Amino acid sequence: MNQNAAFVRKVGYIVAIGLLLLPLSALSQPATVNRRGEISPGGKLAQMRTQFNLSQAELGAIDPASETMKLATLGLRGVATNFLWIAANHYKMVEDWDKLELTVKQIIRLQPNFLEVWDFQAHNLSYNVSVEFDDYRMRYQWVKKGIEFLIQGTHYNRQEPGLLNQVGWFTSQKMGRSDEKKQFRRIFKEDDLLHKSYRDDGVEVDQGLGPDGKPDNWLVARLWFNKATDAVTFSGKPIRGKTPLLFYSGGAMSQMNGAANMQTDGYFYEPAQAAWERGAADWLAFGTRELPTTAGFNIRLNDLEQLQARIKAGNDRIDELAPGARKLAREAKIESLKPELKAALEKPQNLRNRDEIDLANQAEGLIFVTPREVGAKAPPEAKAEIRAMIEQLENDALVVMKIASDRKIVNFEYWRTRCEAERGKLAQDAHKAVYDADRLFAEGEKFGEARKRYEEAWNHWAAVYKQFPVLMDNAESQDLIDSIKQYRSLLNQLDEPFPVDFVLNDMLELHHEGRDLKAQVRLLSEAAGDKPAPKRSDGQNPPANAPEPTPAEPPKENLPEGSKSETPETDK
């Protein structure tokens, strides 16, 4: 009887175990990938691993070599990885690129979750190795290897914001700003294999098409930057490798750079204006985003003007409560200034040289009167109300200072203003005229027509700068200065002088190369017997440390007989 009872219990246990295997099997069924690329989500556990980004790969995509290497190192993966890093650096120095690539692949099999491996080696491939080749097509292939390496890193480290952001950075900056950007951008448009890699990682390149109907590197990069932003928002993973300010600005900057490159490629008006419209919306959203700071409080870049208005209103109220107190405090501080600071401050703004401008700015900082200092000189009956306002004003001043600092880092006002300007017809007319003139000049024919288009462009740009003066003092104006140099060469071809009263002189004065060009024009004008060129708009001569201008050629009418130059002067 006892033996029968024991046997029944054993059978019961076996049946119970068998029954439990059914739900366990359903729960633990892995995600799989079949030969056609179709993905099965698997059981509940596999779905939860995917939901919370805990799994590296589906069953059909597991790398057995990686797991074998991890087991074979017997817990010494770190040591083995260090030796492989040394080997990778050696192969880079001896320029054995094939072994370098294989060594990098071995490193990631040992340490697939060590994020710095992906960052460092991707930069190594795209930036350091690519420049070792003379053929731009080979350079492109190594840039592409670095990008694909980062994409592979996102498979092992799901929704890792830093890696996603890096893919966007390489796609935008390396493809769009390198010396070979014209060729890289052209190849990128036709690179179906790279586009497939993007699609496999969830980035649909068809959402980043340019006006020619092909994927544009800047607009595709915007998708990666936005994906990185979504990873922070929805996965809760921290931002790595960049400040939040730069991290969140990537998508909007790519959109605006994409719009600018459309105009460089010869697309104007509707397509360019639509791209700038989207850039303006992205920039507004970026300015509205709450950004953490190292000062312990969050800021929004769009809040600057509102806070400045609140500070002004508060100070105006304090001045009402304590009339004359601010002026007395300021005058007392002015009297305590050093003589050189006081002299620079008293000199009219338009007559100051560069050293005096710096001294005057320093003096302004020293004589600034705070609300607390005004409150100290206020009548007794006003002190209580002023004290209640001071803490808020001081807090607002700290936030304003931080916002202003961060705005400078991303050139916030410039890009906001440029989006506004580029959406108008006048700016598109200006771009179109410069593009047409540059093309005509490059063809070496129709110089008269090219000159006409250049001069139309300068008038358009003068009108744009009058309406949006902030656009003059920026590196983006360098492209326009290059076209102005071509205009000067064109006038040389026509044996005509560059106009001393050039309509864009104010813009040239703000740039080093522009000042050089003006100095050369001035010397040539004086050598030809013309009146001296007018001084700068602030009444000053060119700075003493400006580079020496190119010596002027003697006037042709004064050359000895038989020595007339047969080659026109060209810009260096």
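**Helix packing and exposure**

Mentor: Helix α4 passes helix α5 in a left-handed crossing, meaning that the near helix is turned anticlockwise from the far one by less than a right angle. This is a predicted model, in which local features need pLDDT of at least 70, side-chain atom pairs count only at pLDDT 80 or more, and totals for chains, interfaces and linings use all residues. Residues are numbered from 1 along each chain as its sequence is written, and side-chain values use heavy atoms, with hydrogens and water left out.

Trainee: At what angle do α4 and α5 pack, and how is α4 oriented to α5?

Mentor: Helix α4 (residues 77-93) and helix α5 (residues 97-110) have axes 9 Å apart and pack at an angle of about 160°. Therefore α4 is roughly antiparallel to α5.

Trainee: Is A280 buried or exposed?

Mentor: A280 lies in helix α13 (residues 270-288). Buried means under 20% relative accessible area, exposed over 50%, and partly exposed in between, with a 1.4 Å probe and protein chains only. The relative accessibility of A280 is 16%, so A280 counts as buried.

Trainee: How far apart are the C-alpha atoms of A280 and R423?

Mentor: Along the chain, A280 and R423 are 143 residues apart. The separation of their C-alpha atoms is 9.2 Å.

Trainee: Is L22 buried or exposed?

Mentor: L22 belongs to helix α1 (residues 2-28). Because its relative accessibility is 60%, L22 counts as exposed.

How values were computed: Helices (H or I, at least four residues) and strands (E, at least two) are DSSP runs, numbered from the N terminus. Axes are lines fitted to C-alpha atoms, for helices over the stretch in contact, and angles run from 0 to 180 degrees between N-to-C directions. Angles under 35 degrees count as roughly parallel, over 145 as roughly antiparallel, 65 to 115 as roughly perpendicular and the rest as oblique.
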